[in-house]
Amino acid sequence: MRSITLIDVNSFYASCERVFNPRLEGIPVVVLSNNDGIPIAMNALAKALGITMSTPWFKLKGFAKQYGIVALSSNYPLYADMSNRVMSILSQYSPDQEIYSIDECFLDLTGFNRNLVDYAQDMRSRIKQWTGLPVCVGVGASKTLAKLANHIAKKRPEYNGVCNLNDFEPERLNKILSEIHISSVWSIGRRLVPRLNALGIKTVLDLKNSDPEYMRQQFSVVMEKTIRELNGTACIELEEVAPRKKQILSSRSFGQPVYDLQSLSESVTLYISRACEKLRKQKSYAITITVYIRTSPFSIEEQYSKTRTVSLPAPSDDTRHFASVGLWILKSIYKSGFNYQKAGIMLSNIVPAEGQQTDLFGFKQSISKQDNLMIVLDEINTKMGKQCIRIASQGYKQPWAMKQELKSKSFTTKWDELIETN
DNA sequence: TCTGGGGTCCTAGGACCC
DNA sequence: TCTGGGGTCCTAGGACCC
């Protein structure tokens, strides 16, 4: 039997903030999304007050003030840095690690000849000691079971932060699965719950006992895998090397109303350069670029939203190629007189960088020169800070940039904001 | 539980082609 | 002019995740 392990930081963003500001201890804290739109993380105290994600912050402000809730804008450089520390500590516990998200990773502990609960407790205390962050650990025979075990470790204090479902006798396992709702299962989202309920499937045990082939017909192959995984067959392998993305999206809501083509052009150029950086990082080329702009779906004013896709004559990873095409698309879909709320771009038709051909007219001509320019650009920006060198059409003032009124400092990643210890 | 953020993958349906 | 088959591309939107 496999021993797949999922480690997850509790209320990650809120915990990071608390590490650098101990005064937040004992106070309800929420961390807000970009543009201070909605809560995306909160500590236990805020949860206990009944705050839910996806309620717009402006609707919660009054309530928050009344109960002394501290709200913070999200500080991604800080969280990314803390994440790297946690992941590097955990990598010492197994040669097989998959970093699944900013605050979660899988470790394969199959064949480890020792008590895994003790081992997991050791991880917890080391991470706590070295970073100040609390984590929970779940172990199971598949990724889906490891996720579920982690859920149990988090929700039930008697487990003290670690749950190994592989240690359970079958009856005990089924009993606990019968007490958990299907919405807690990985891959079962909001839309699937009512459809499953209609089939009489309400608890994890119900789902585990359903017929995988029939469920595949009714739903999809993903559902079949989930059921087999709940039954202890690992169908989803650990991905130690992140698979190449098939599409790369970059989009953002604006911090203030945007009407003019100039501002939209600047933002679209910025998103394109971000997406191309990601593209080059995974050593791929893309052929197709999509640009979209839209007004706020919540606005009572007249709405406008438009998407347009164009393919290059040959695959490329050059920011300037995509920027010139992207700006052309933008011009073609832009209509004046609307209050734009969001713009985004997507790169698709992604192919590996190795062995690319040029088109008939040599669009990807003098490859070495162009590639070197982008490599140097990436290197400088890595060393000297994001956007140190950029395409001129990104603009410098960026009045449309997102709103972050409540941000904490970049304690670990900016020299002038390092934490003071006096 | 109905939505205000960002990202990835997938697919239905229309337009257009041979 | 209508009908049918097969395929590709694009747009819009659904579904899931954190």
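This report describes a predicted model, covering the surface near a DNA strand, a pocket and a sheet.

**The surface near DNA strand C**

Sixteen residues stand around DNA strand C, and those that come nearest are Lys-147, Ser-187, Leu-192, Thr-307 and Thr-309. By class, the residues of this surface are five nonpolar, five polar and six charged.

| Residue | Protein atom | Atom of DNA strand C | Distance |
|---|---|---|---|
| Ser-187 | backbone N or O | phosphate oxygen | 2.4 Å |
| Arg-191 | side-chain N or O | phosphate oxygen | 2.9 Å |
| Asp-103 | side-chain N or O | sugar or linking oxygen | 3.2 Å |

Two elements give two or more residues to the surface near DNA strand C: β5 (97-101) and β11 (305-316). Of the elements, β11 gives the most, with three residues.

**The second largest pocket**

The second largest pocket holds about 1100 Å³ of space. It is lined by 36 residues, and the closest to its centre are Asn-35, Gly-37, Ser-253, Ser-296 and Gln-341. The elements that give two or more residues to this lining are α3 (57-67), β9 (248-258), β10 (284-295) and β12 (340-352). The largest share comes from β9, which gives seven residues. Sorted by class, the lining of the second largest pocket has 15 polar, eleven nonpolar and ten charged residues.

**The sheet**

Strands β9, β10 and β12, named for the pocket lining, and β11, named for the surface near DNA strand C, are part of one sheet. This open sheet has four strands in the order β9-β12-β10-β11, with antiparallel pairing. Which strands stand at the edges? They are β9 and β11; each has a single partner strand, so one side of each is left without a neighbour in the sheet. On average, neighbouring strands of the sheet are turned by 15° against each other, direction ignored.

Strands of a sheet pair through backbone hydrogen bonds, either parallel or antiparallel. Between β9 and β12, which run antiparallel, there are seven bridges. In this pair, Ser-253 stands opposite Lys-342 in β12. Ser-253 is also among the residues closest to the centre of the second largest pocket.

Key: Residues numbered from 1 in each chain as written. Chains lettered and ligands numbered in written order. Predicted model: local features only at pLDDT ≥ 70, side-chain atom pairs only at ≥ 80, totals over all residues. Heavy atoms only, no water. Near = heavy atom within 4 Å. Polar contact = N/O pair within 3.5 Å; in protein donor to acceptor, adjacent residues only side chain to side chain. Nonpolar A, V, L, I, M, F, W, Y, C, P; charged D, E, K, R; others polar. 1 Å grid on protein atoms, 1.4 Å probe; cavity = no way out; pocket = protein on both sides within 12 Å on 5 of 7 lines; lining within 4 Å. Points joined across faces, edges and corners; volume = space filled by probe spheres on them. Pairing = 2+ DSSP bridges. Axes fitted to C-alpha atoms, helices over the stretch in contact; angles between N-to-C directions.
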